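Please examine the structure shown below. The paragraphs that follow lead through its pockets and then its surface.

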Amino acid sequence: MKSILLIGLGRFGRHIAQKLNDLNYQVMAVDNNEERVNRNLSIVTNAQIGDSTDADFLSSLGIRNYDVCIVAIGDNFQNSLETASLLKELGAKKVIARASRGVQEKFLLRNGADEVVYPEKQLAAWTAIRCTSEHILDYIELDGEYSIFELSIPAAWGGKTILQLDIRKKYGINVLGIRESGKLSMDILPDTTLSRGTSVLVLGKPKAVQKCFRI
């Protein structure tokens with residue numbers, strides 16, 4: 001089980017802490033605001049109040065002992081940048097930092113961050129794709145070429161098998177799973193039959209998915 005250092009317990013940091021707690025990860029949380037720390041004690045393993053731009057304070061946390069360090073500071077980019085840089089200097093194995101603008105992403109990657117998450121940009125992309133069609137229920141971009149979509153199946157697909165539809169051969173799209181009555185099944189076989197009202201989880205190029213599902 002990975003141990004995680006989470007720095008910043010604002011709204012974004014709290015969401016991360018809650019999800020990690022749901023997944024049973026051990027999380028050490030840090031924030032310079034006592035009220036925020038106290039508010040999140042129930043969803044983290046340990047927590048400390050402190051200044052993450054203070055090298056002595058960070059060093060006291062034993063940075064090398066954590067598998068991942070997440071910098072979720074959202075209200076002060078200078079602090080975020082200094083924290084990411086210090087973490088790397090102190091031997092952090094992996095640093096993931098939050099950016100709210102493209103220029104911040106570039107600075108963070110040059111100054112200690114191994115990866116940068118850009119919530120506003122990622123959510124904007126998700127919203128734009130999601131609202132283009134009522135068939136699209138969810139969307140994850142894997143890289144510039146491939147994405148995973150969850151889509152409601154066209155009415156004409158009801159009662160047909162994966163083999164009969166043969167969308168892999170026709171469009172280069174792989175069916176990863178089927179959701180029926182809210183339950184997702186990843187056990188997909190050529191003779192798996194699609195029922196009306198179900199949705200499918202597919203992997204492919206966005207243009208191919210648009211063409212296949214006539215979006």
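**Pockets and surface features**

The second largest pocket has a volume of about 260 Å³. The model is a predicted one, in which local features need pLDDT of at least 70 and side-chain atom pairs count only at pLDDT 80 or more, while totals for chains, interfaces and linings use all residues. Residues are numbered from 1 along each chain as its sequence is written, and side-chain values use heavy atoms, with hydrogens and water left out.

A pocket is defined on a 1 Å grid over the protein atoms alone, as an open set of points where a 1.4 Å probe fits, with protein on both sides within 12 Å along at least five of seven lines; lining residues have an atom within 4 Å of a point. Grid points are joined across faces, edges and corners, and a volume is the space filled by probe spheres set on the points.

The lining of the second largest pocket includes Pro154, Trp157, Lys160, Tyr171, Cys212 and Arg214. Helix H7 (162–165) and helix H8 (167–171) each contribute at least two residues to this lining, and the largest share, 3 residues, belongs to H8. Helices (H or I, at least four residues) and strands (E, at least two) are DSSP runs numbered from the N terminus. By class, the lining of the second largest pocket comprises 8 nonpolar, 1 polar and 3 charged residues. Here Ala, Val, Leu, Ile, Met, Phe, Trp, Tyr, Cys and Pro count as nonpolar, Asp, Glu, Lys and Arg as charged, and the others, Gly among them, as polar.

The largest pocket holds about 370 Å³ of space. Its lining consists of 22 residues, of which Arg36, Ala72, Ile73, Gly74 and Asp75 lie nearest its centre. Helix H1 (11–22) and strand E2 (26–31) are the elements that give two or more residues to this lining, and H1 provides the largest share, 3 residues. The lining of the largest pocket divides into 6 nonpolar, 10 polar and 6 charged residues.

Glycine 159 sits in the loop between strand E8 (147–152) and H7. What is the relative accessible area of glycine 159? The value is 54%, so glycine 159 is classed as exposed (over 50%; buried is under 20%, and partly exposed lies in between, with a 1.4 Å probe and protein chains only). The C-alpha atoms of glycine 159 and threonine 193 are 5.9 Å apart, although 34 residues separate them along the chain.

Isoleucine 140 belongs to strand E7 (residues 136–141). With a relative accessible area of 46%, isoleucine 140 is partly exposed.
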